[in-house]
Amino acid sequence: MIKFSSKCTELIAIDFLKTRCTSISKTKQAHALLLRTHLFHNPLFSSKLIAFLALSYSGDLNYARKLFAQIQNPDPFICSTMIRGYARSQNPYEAVSLYYFMVERRVPVDSYTYPFVLAACARLGAVKLGRRFHCEVLKNGFGSDLFVINALIQFYHTCGSFGCAYQVFDESTVRDVVTWNIMINVHLNKGLSEKAFDLLDEMTKLDNLKPDEVTMISLVPVCGQLGNLERGKLLHSYSKELGLNEKISVNNAILDMYCKCDDIESAQEVFNRMPEKDVLSWTSMLSGLAKSGYFQESLALFRKMQLNKIEPDEITLVGVLSACAQTGALDQGKYIHLLIDKFDINCDIVLETALVDMYSKCGSIDLALQVFRRMRVRNVFTWNAMIGGLAMHGHGGEAISLFDQMKHDKLMPDDVTFIALLCACSHAGLVNEGLSMFQAMKNKFQIEPRMEHYGCVVDLLCRARKVDEALAFVENMPIKANSVLWATLLGACSSVGRFDLAENIGRRVIELEPDSCGRYVMLSNLYAGVSQWNNALKLRKQMKNRGIEKTPGCSWIELNGMIYQFVAGDRSHIQTEDIYAMIEEMTQRVNLDGSHVPCTKNVLFDIEDEEKEHSLFLHSEKLAVALGLISTPSGSLIRIVKNLRVCNDCHSFLKVTSKVYNREIVARDRSRFHHFREGSCSCMDFW
């Protein structure tokens, strides 16, 4: 053995090598120094070089192998380090080869070696080879080593040998929290969540063992996936008892669980109390708010996130774009698009599809097509988003052409594709094309129609006023029609004056869905339309007695990056006086034009027509447009969004408004876009 002085040992101390081996270039310098001082063949020093090169993400496994080959008598630690490096590399079989090298050179194998050999077998899916090593483990006396036991359970779990994993766990005399965590995950991956929670209960009964951070971040998300809020709250409470509520990973899991269980209040409380937040924390809260319908709050939180200098990632931006899409916040959506370039965010297919969806739903179909055409890779979700966008804007022919291109690109459509196509045909009045699509879906693409597809066909026929054909279609369906289909028929019967049929269908719809406010309102509107006020009031009383409240109509408008919301008769805006003055002006100018006649038949009060007209002027969409007129330059485009179907009166009123003010008004209601321009609408009064 080469002798070296204590002075040299002090000069090249282990701590020096630890701080020196932080990059390939510095490791080469340390390597050269060890060679010059004749210390390279001392395992105490060479092991530090090999550990960095074999295990660090900035290391070099090939370089480590060259150094390893130069060591005359490698010790168990160096050999095991190399095995560990290869076990997680692209070539795990080399780990097994190195193990046999150890055996051949009679290097002692210890409990540090077997776990990494088993990890390599797991990566290779080599169950038989792993079982051989299991036998060697028992033969060499490591059957009670905790590190090895945990590795064996993980190996069998990874290879899908659930029974063997459970047998090792069951027969083991030693277990720690890692052992229990592995077994909990074994059961979770098998879909046996109840058994996983049973294991947690067993674990908590042990005197010297407590769940840790890994236990919680394994089980808490399951509560979110199953919607089990009660159990999620118990785990949250338990994590506090264990002092794990200071861990950011545990808090993130609990926050996400509350969001997925739609308990936004608890999620907000967890978020506000978190001592530390990362991008995942902000993303979970943003997505949770958007999922629960708090779109404006989600966008406000994103602005706060930016003020806190938290750099978003692609998942964050997908969630924010979803909120923009739902509120029609085009300016904010465009800003998000700019951020992608600013932060050099990975614009993958999911994010690009979210951009297509956002632009489509915010009324900018041209920008949606621009993003779509620039995409290098598109999947079925991308095509569905674009076809659905064209459908919402009433571009039925373009949607069908895009579908033809999709088939040309040899991409298989799915059931959602045909929902989008049928909607496109419905909004454009393409009855024959829609019926052909429905047949092709079944016969050519072997896609079994769902209730949504049948609903689209009923809607297609009803919009074309083919009520008898729609009724025959519903009665001949192979599945029982739901309340949505009957409600569609009710609307069609009402619009074509088939009162008796509409009344019968209306009563059937209420029987099918007795707690839906919309069903009562439709039948009530029917009675009001023919001045049957007593029947209309009876339905209203019936709603009140059942505790059913009507969903209020709301409209939004985005101005300078801020979203303003209105309900009918709203007086909460700071510019209320100006808005109502504009409403008066709009009414006068529209009346002077003479092409708008107020549609008062669905105003549900037995009052004079003049009073009915006044109530119509206070609808939320008119208030939103009024704010747009007083807040934007003359001639500029106005965009609004409404949560319900735009009524006949507002539709007629906005057509004339676009003409007398020389403005294009883009309005998105519950089912489609309306582009009002020069006194006409893109829907051609077919909505």
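Reader: Which residues does Met 358 touch, not counting residues up to four places away in sequence?

Author: In this predicted model, Met 358 touches Leu 321, Cys 324, Ala 325, Leu 330, Gly 333 and Lys 334 when residues up to four places away in sequence are not counted. Met 358 also belongs to the largest nonpolar core, which has 185 residues. Together with Met 82, Phe 133, Met 285, Met 386 and Leu 489, Met 358 touches the most other members of that core. A second, separate core holds 28 residues, among them Ala 626, Leu 654, Val 660 and Ile 665.

Reader: Why does Glu 503 count as buried?

Author: The relative accessibility of Glu 503 is 18%. Buried means under 20%, so Glu 503 counts as buried. The residue is found in helix H31, residues 499–512.

Reader: What makes the link between Glu 503 and Tyr 527 a polar contact?

Author: The side chains of Glu 503 and Tyr 527 are joined at 2.7 Å, and the cut-off for such a pair of N or O atoms is within 3.5 Å. Apart from neighbours within four places in sequence, Glu 503 is in contact with Leu 523, Leu 526 and Tyr 527.

Reader: Why is the pair of Phe 169 and Trp 180 called edge-to-face?

Author: The ring centres of Phe 169 and Trp 180 are 5.2 Å apart and the planes stand at 85°. Rings pair if their centres lie within 6.5 Å, and planes over 60 degrees apart count as edge-to-face; the pair is therefore edge-to-face. Phe 169 lies in helix H11 (residues 162–171) and Trp 180 in helix H12 (residues 177–189). Both Phe 169 and Trp 180 are buried. The count of aromatic pairs comes to 22, and ring pairs also link Tyr 99, Tyr 100, Tyr 114, Phe 133 and Phe 142 into a cluster.

Reader: What places the charged end of Lys 622 over the ring of Phe 653?

Author: The charged end of Lys 622 is 4.5 Å from the ring centre of Phe 653, and the distance limit is within 6 Å. Arg 508 likewise lies over the face of Trp 486, at 4.1 Å from the ring centre.

Reader: Why are strand E2 and strand E6 described as standing at the edges?

Author: The open sheet has six strands in the order E2-E1-E3-E4-E5-E6, with mixed pairing. Strand E2 (562–567) and strand E6 (680–681) each have a single partner strand, so one side of each is left without a neighbour in the sheet.

Reader: How do you know that strand E3 and strand E4 pair?

Author: Four bridges join strand E3 (residues 638–642) and strand E4 (residues 665–668) in the parallel sense, whereas pairing requires at least two bridges. Val 641 stands opposite Arg 668 in E4.

Methods
Residues numbered from 1 in each chain as written. Predicted model: local features only at pLDDT ≥ 70, side-chain atom pairs only at ≥ 80, totals over all residues. Heavy atoms only, no water. Phe/Tyr/Trp six-rings, centres within 6.5 Å; stacked < 30°, edge-to-face > 60°. Helix = DSSP H or I, 4+ residues; strand = E, 2+ residues; numbered from the N terminus. Buried < 20%, exposed > 50% of the residue type's maximum accessible area, 1.4 Å probe, protein only. Lys NZ or Arg CZ within 6 Å of the ring centre and 35° of its normal. Core = buried A, V, L, I, M, F, W, Y, C linked by side-chain atoms within 4.5 Å. Contact = heavy atoms within 4.5 Å. Polar contact = N/O pair within 3.5 Å; in protein donor to acceptor, adjacent residues only side chain to side chain.
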